[in-house]
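This briefing concerns the strands and pockets of one protein structure. Please keep the sequence and the model at hand while reading.

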Amino acid sequence: MTVGLDVRSERERVARACRPGQPVPEFVYSSDEDALWSQVFATLRTMHEELGCAEYRAAARIVELPTDRVPQMSEVSRTLRSLTGFGLAPAIGSQPGRLFYGPMADGILHATPDVRPVTEQSFSPDPDVIHELVGHGVILADPEFAELYRCFGRAANRATSDEQRAAIARLFWFTLEVGVVAEKGHPRAYGAAILSSVTEMESFVNADLREFRVEDILTSDIDDSICQPLLFVADSVGRMMTEVQDFLRTRVG
């Protein structure tokens, strides 16, 4: 699959031209990109039914991402606004630190509209529209998860040291990116990086699965260039949220 530079550059131009508070613009996708989305999303949907957590599966039924084309960020954003008050804002590439986390306090997730290369269709080390919408977008339809994102945003805005900012990033990674919860004795994914990657979905149950402890997470290494080899499994989504929110509210800022 090849995507013309004019398609990618136009998406970048449109994303960069969008200002805070403006409506989310429409983006042009090629037929090859629509086909890639359809192929990857069809595989992931099947895997989600077995390996996604209950909250994710319920949210996916509400959001109903299209199967035959790359969804417009604007349509997903409208759905989320009506459900949890969260919205999406276009960005190019990974956003650094506070520029990514801070807006979450106001219910805004910066997301890239670009599509991963076909050579990375099963695992992309960089964020792309599949990661943003299948991973983050769906779970943001759940009110409690949406509030957890907001808590990360508020903590990022309060943080006063590099140590605190690093703790926020590490905690976000091991929960909302590669988070796992136990359901009836089996590991189930709720993190966006796992849920949006066929390779991650195939392999996360065989990772080094450890008991969820915030203090252990804060001393663990992140490597987003490969499938995360170490994951922390909470015994319930509720317990994970309580412990994370307690940390963000009492130990940051």
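The points below treat the basis of the model, then the strands, then the pockets.

The structure is a predicted model, in which local features need pLDDT of at least 70 and side-chain atom pairs count only at pLDDT 80 or more, while totals for chains, interfaces and linings use all residues. Residues are numbered from 1 along each chain as its sequence is written, and side-chain values use heavy atoms, with hydrogens and water left out.

**The four-stranded sheet**

- Strands β4, β3, β6 and β5 form, in that order, an open sheet of mixed pairing; helices (H or I, at least four residues) and strands (E, at least two) are DSSP runs numbered from the N terminus, and two strands pair if DSSP finds at least two bridges between them.
- At the edges lie β4 (186–189) and β5 (208–211), each of which pairs on one side only.
- On average, neighbouring strands of this sheet are turned by 45 degrees against each other, direction ignored; the axes are lines fitted to C-alpha atoms, and angles run from 0 to 180 degrees between N-to-C directions.
- Strand β3 (residues 180–183) runs antiparallel to β4 and is joined to β4 by four bridges; E183 has H186 as its bridge partner in β4.

**The β1–β2 pair**

- Strands β1 and β2 (residues 108–111) pair in the parallel sense over four bridges, with A89 opposite H110 in β2.
- In a regular strand the side chains alternate between the two faces of the sheet.
- Strand β1 (residues 87–90) is covered on both faces: G87 and A89 on one side, and L88 and P90 on the other, are all buried (under 20% relative accessible area with a 1.4 Å probe, protein chains only).

**The largest pocket**

- The largest pocket holds about 740 Å³ of space; a pocket is an open set of points on a 1 Å grid over the protein atoms alone, where a 1.4 Å probe fits, with protein on both sides within 12 Å along at least five of seven lines, and lining residues have an atom within 4 Å of a point.
- Its lining has 36 residues, and S94, P127, W173, E177 and D224 are the closest to its centre.
- Helix α8 gives the largest share of this lining, six residues.

**The second largest pocket**

- The second largest pocket holds about 490 Å³ of space.
- Among its 23 lining residues, C18, R19, P20, A89 and P90 lie nearest its centre.
- Elements giving two or more residues to this lining are α1 (5–17), α4 (73–84), β1 and β2.

Conventions
Buried < 20%, exposed > 50% of the residue type's maximum accessible area, 1.4 Å probe, protein only. Points joined across faces, edges and corners; volume = space filled by probe spheres on them.
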